[in-house]
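Visitor: I have just opened this structure and would like to learn how to read it. Could you take me through it, one feature after another?

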Amino acid sequence: MDKLHLLFDAMNKPGSHTDSELHTLLHDPDLQDILKTAGTLKASTYKPSEPDIDEEWDRFRLRYDIKKCTFIHFMKRHTAAAIAVGAFSLCAIGAAVSISLTSERNANAMVTAATSTSELMDDADAAIAAKSPTDTVYVKANEGETVVFEESTLDEIMEALSRHYGVTVRYKDPHKRNIRIHFNWNKGMTLRETAELLNSFNQLSIHIKDNTIIIE
Amino acid sequence: MKEKSDIERLFRENYAAMYNLAARMLCDDEAAKDIVHDVFASLVASDMAKEVTPVYLMKAVRNGCYNKVRNMEIHRRIHTSYLADLSMTEAEDWPDPVVFSEIDAIIEHSLTEQCRRVIRMRYTEGRSYKEISSILGISEKSVYLHLRKGLETIQNKIKSHG
């Protein structure tokens, strides 16, 4: 069975192949063109439903209420102070309890998400480690100022940011150093813009404080 | 200080393009909506709403989608034929409706009738080789051969069109 036949067989019955075989196929240079064509064909034939922007905005407001999010963020950092303040009035107590419950639910959700993400990352890291020696800091610098980090560790990305912006990096959770992500970094962006872009990855929470990038 | 109206303005101006990009990359409307919401949620927690550009928002969506696919179980990745290489989607005009129309035209006019049926059943309807072979009364090996021929034809035609 030639490689192409093997690829089509894997697309049809992936369960009949090992993870290692599938990784090899996905990264085989000879199969990249046909994989790209299959991916483009799939994307071209997919017909997204027409979005109702009003409905989506309402859903977004309910899901990520702006005031609530801001207050929860505050509560996470100042729980003790918020509880003390809450004791001053029945109304404030009600608000604090309400927000605390929401905050706790969010925290639980974050723990769940973090657990499943770390499991995925373990699998992905193992697979990547077995895959090839080419996953270095970045593979190319584009025409402009964009640097592409392909499956690089957060540590590698932070080292580049630290050099470029002249800041230090501090990890509250050292395990985050080994998270691997694909990240397009436009060097023309400010440090804050870059941090926010990184924050769009669910598994990352990055803050800038006093010339230091803090990774939680 | 961010204003609620900044987020709403950004959302309304950019949602359709961001959603379309994510939906095409993930072939999943609900997952696409979640990715777009996550991007705006990250803005809510910051003071950046006045500063971000559409290019930034699209990059954030692209990276979110790529990481979602990369973290998927590999059997699902290969079975669903997700875009294997993010670099394909980095052009600002991706997803380019012209390229997609071109692919549609190739399928319609450059493939044999049987090959076209197999390609449509596999990629538009998401059927398995077994289902396709049963419906068309051909072997699974023939299904594979039609798919291979179809993809190679599309690939060569796109390349020749530059």
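Visitor: Let me start with one residue: is B:Tyr15 buried or exposed?

Guide: B:Tyr15 counts as buried, because its relative accessibility is 0%. Buried means under 20% relative accessible area, exposed means over 50%, and partly exposed is in between (1.4 Å probe, protein chains only). Before we go on, please note that this is a predicted model, in which local features need pLDDT of at least 70 and side-chain atom pairs count only at pLDDT 80 or more, while totals for chains, interfaces and linings use all residues. Residues are numbered from 1 along each chain as its sequence is written, chains are lettered from A and ligands numbered from 1 in the order in which they are written, and side-chain values use heavy atoms, with hydrogens and water left out.

Visitor: Where is B:Tyr15 found, and which residues is B:Tyr15 in contact with, leaving aside neighbours within four places in sequence?

Guide: A contact means heavy atoms within 4.5 Å. B:Tyr15 is found in helix H1 of chain B; helices (H or I, at least four residues) and strands (E, at least two) are DSSP runs, numbered from the N terminus. With neighbours within four places in sequence left aside, B:Tyr15 touches A:Pro51, A:Ile53 and A:Glu56 in chain A, and B:Leu10, B:Lys33, B:Val36 and B:His37 in chain B.

Visitor: How many residues does each chain bring to the contact between the chains?

Guide: Chain B brings 70 residues and chain A brings 71 residues. The size of an interface is often given as the accessible area lost when the parts come together. Here buried area is the accessible area (1.4 Å probe) that two parts lose on being put together, summed over both. For chain B and chain A this is about 6900 Å², with 63% of it on carbon and sulfur atoms.

Visitor: How many salt bridges and polar contacts are there between chain B and chain A?

Guide: A salt bridge is a side-chain nitrogen of Lys or Arg within 4 Å of a carboxyl oxygen of Asp or Glu. Between chain B and chain A the count is five salt bridges. A polar contact is a pair of N or O atoms within 3.5 Å; within protein, one must be able to donate a hydrogen and the other to accept it, and residues adjacent in sequence count only if both atoms are side-chain atoms. The rule finds 19 residue pairs in polar contact across this interface, both residues being at pLDDT 80 or more. On the side of chain B that touches chain A, H1(B) gives the largest share, eleven residues.

Visitor: What joins A:Asp54 to B:Arg12?

Guide: A salt bridge joins A:Asp54 to B:Arg12, with the closest N and O atoms 2.5 Å apart. A:Asp54 lies in helix H4 (residues 53–63) of chain A and B:Arg12 in helix H1 of chain B, so the pair joins two chains. A:Asp54 is partly exposed at 46% relative accessibility, and B:Arg12 is partly exposed at 33%. Salt bridges that share partners also link A:Glu56, A:Arg59, B:Glu30 and B:Lys33 into one network. Another pair is A:Asp33 with B:Lys159, whose closest N and O atoms are 2.8 Å apart.

Visitor: Which salt bridges does A:Lys3 form?

Guide: A:Lys3 forms one with A:Asp28, at 3.0 Å between the closest N and O atoms. That pair links distant parts of the chain, 25 residues apart: A:Asp28 is in the loop between H2 and H3 of chain A, and A:Lys3 is in helix H1 (residues 3–12) of chain A. A:Lys3 also forms a salt bridge with A:Asp30, at 2.6 Å between the closest N and O atoms. A:Asp28 is buried at 11%, A:Lys3 is partly exposed at 38%, and A:Asp30 is exposed at 59%. The side chain of A:Asp28 also reaches the backbone nitrogen of A:Asp30 at 2.8 Å.

Visitor: Why is helix H9 of chain A largely enclosed by the rest of the structure?

Guide: Helix H9 (residues 191–199) of chain A is largely enclosed because eight of its nine residues are buried. Those buried residues pack against helix H8 (154–165), strand S4 (180–186), strand S5 (206–209) and strand S6 (212–215) of chain A, together with H2 and H3 of chain B.
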